[in-house]
Amino acid sequence: MEVFNISGLRVVSLLNNNVSGSLTPNIGSILPDIEELYLGSLTNLVGTIPHSISNCSKLTSLELSINKLTGLIPNSLGYLTHLQHLNLGGNNLTSDSSLSFLTTLTNCRNLTFLSLYWNPLNGMLPASTGNLSTSLRTFLADSCKILGRIPNEDGNLSSLLFLYLSGNNLVGSIPTSIGNLRMLQRFNLTSNKVTGFIGDHICKLQHLGEIHLGQNQFSGSLPNCIGNNTSLREKHLGSNKLSSNIPPSLGNLHDLVVLDLSSNNMVGSLPPEIGNLKVATKMDLSMNQFSNEIPREIGELQNLAHLSLRHNKLPGSIPDSISNMVGLEFLDLSHNNISGNIPKSLEKLQNLKYFNVSINKLYGEIPSEGPFKNLSNQFFIHNEALCGSSRFSVPHFIIAQIKWEKIASSFSFAGNCTSSYS
């Protein structure tokens, strides 16, 4: 305890140590001049946050994350008017149903960082969150059992860069006022129950680098202005109820690295503009209703490592241009209506480790060189008439089509397999 009698003590950091115990109830009188207190990631810090902490009136940073703290988040935190950084994430802290501590934090006019993730708050975001400091740049409240709607007033947080609300029980639609957060760079609403359209107000977020809206109940069309978010690097919209074409303006997102539209009801074509996404490394368009041919422009995605188009209604053939996708490691075209041959040029894809074309209408010889040397026969099952090496469990020869109505006079063979008939 003598350490805390040092008159000039302004910063205490015990982060990431094997320290146990609880915060003393009279912490405010022991450390009246403390400015920065870092007690995150301790082995066994338990108990509650004492109300007397409000007497540490000079505090600018309070770091208590990843501990075993319990009890109510004290409203007295609102008396820390110089507070800039507050991290309470990763504990077992609670609040009343109106999350009133957030209202008291509106007194902290210098607050720039607020983290509450992984605490069972069990309440609704109050409208007063829109009155938090206009300097607030980070608001993290993932997996907090937050209920209700996103307050329209949150659009007042004009300096916000990071807004994370994933893993809660939020309902309703995204308020149009979100379009006022012109500085926003990352927006995460994954795993909630948010409904409605993804409106044009999202297109106003010119600095948006990542948007995570997967595992919700969004419906309707993607806005045509989607190409306005030219700073986007990751777009996650999987597991919703979206039911439109992909707007051609998607091709304006030249910095896009990850695109996930999986498990929706998307229809129509993959636009040829998809070939403009030249820095993309992962694209998941699986589990939709796309029903036109794969555009040859997809071969321009030479940095793409992961492409999944499984479980759609894609017809036509596999574009030979896919052989230009030299970065490809994972390609899933299974459960479609793709016909024709597997292009032998795909043997050039030396990085390819997973290639699945099962449950289609393919015929002809399966390539056997390059990455095909190590592929499982399960990746080729349930097709029209594939043939090739015995390790694929297909015939060495095949009669690709027998016109039964003219069986005596008409046989036609497909592919380059060695054929015989007797």
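**Exercise 1. Work out which cysteines are bonded and describe the bond.**

*Solution.* Start with the sulfur atoms: those of C203 and C225 lie 2.0 Å apart and form a disulfide, a term for a pair of cysteine sulfur atoms within 2.5 Å. The count by this rule is one disulfide. Next, look at the torsion about the S-S bond of C203 and C225: at about 75°, it makes the disulfide right-handed. Then place the two ends: C203 sits in the loop between β15 (195-196) and β16 (210-212), and C225 in the loop between β17 (217-220) and β18 (234-236), 22 residues apart. Strands here are DSSP runs (E, at least two residues), numbered from the N terminus. Both C203 and C225 are buried, meaning under 20% relative accessible area with a 1.4 Å probe, protein chains only.

A friendly note before going on: this is a predicted model, where local features need pLDDT of at least 70 and side-chain atom pairs count only at pLDDT 80 or more, while totals for chains, interfaces and linings use all residues. Residues are numbered from 1 along each chain as its sequence is written, and side-chain values use heavy atoms, leaving out hydrogens and water.

**Exercise 2. Find the strand order of the open four-stranded sheet.**

*Solution.* The order is β2-β4-β6-β8, with parallel pairing; strands pair if DSSP finds at least two bridges between them. At the edges stand β2 (20-22) and β8 (92-94), each with a single partner strand.

Technical notes. Buried < 20%, exposed > 50% of the residue type's maximum accessible area, 1.4 Å probe, protein only.
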